[in-house]
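This report looks at how the residues of one model are packed inside and laid out on its surface. Please keep the sequence and the structure in view while reading.

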Amino acid sequence: MTRRNVLDATGRYRRVIEAAVYAAVARVAIRWLPFRYLARAFTRPVRRTGATGAAREQAVAHVRRAMASAVRRLPGRTSCLARAAAAQAMLRRRGGKGEA
């Protein structure tokens with residue numbers, strides 16, 4: 001296995017772990033927090049600008065694949081809203097604008 005393949009695999013693994021953590025936190029937040037707090041978090045503006053064009057599309061694809069992989073491995077069911085909130089948080093972290 002080449003060094004590049006190892007680095008790519010490590011990046012994918014980290015994104016799946018990140019997606020699992022965000023999805024678990026979103027599940028708990030949706031279950032226990034009043035919706036007004038969730039709505040405030042969803043409408044918060046992005047602080048920094050991120051990638052545009054092809055780099056943004058690649059980031060969206062990475063987040064999408066990581067989220068799909070993570071929710072398959074989490075126990076129980078993860079609602080669509082929790083997945084959307086987690087994906088939006090991941091995209092915000094990368095400077096992208098996600099809308100849930």
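## Helix α3

Helices here are DSSP runs of H or I with at least four residues, numbered from the N terminus. With 20 residues, α3 reaches 29 Å from its first C-alpha to its last, close to the 28 Å expected at 1.5 Å a residue, where the expected span is 1.5 Å times one less than the number of residues.

The model is predicted, so local features need pLDDT of at least 70 and side-chain atom pairs count only at pLDDT 80 or more, while totals for chains, interfaces and linings use all residues. Residues are numbered from 1 along each chain as its sequence is written, and side-chain values use heavy atoms, with hydrogens and water left out.

## Nonpolar cores

A nonpolar core is a set of buried Ala, Val, Leu, Ile, Met, Phe, Trp, Tyr and Cys residues joined through side-chain atoms within 4.5 Å. The largest has 14 residues, of which Ala19, Ala23, Val63, Ala66, Met67 and Met90 touch the most other members. Two or more residues come from each of α1 (3–32), α3 (54–73) and α4 (80–93), and α3 gives the most, with 6 residues.

Beyond its neighbours within four places in sequence, Met90 is in contact (heavy atoms within 4.5 Å) with Arg15, Glu18, Ala19, Tyr22, Val63, Ala66 and Met67. Apart from this core lies another, of 6 residues, including Ala29, Leu38, Phe42 and Ala82.

Technical notes: Buried < 20%, exposed > 50% of the residue type's maximum accessible area, 1.4 Å probe, protein only.
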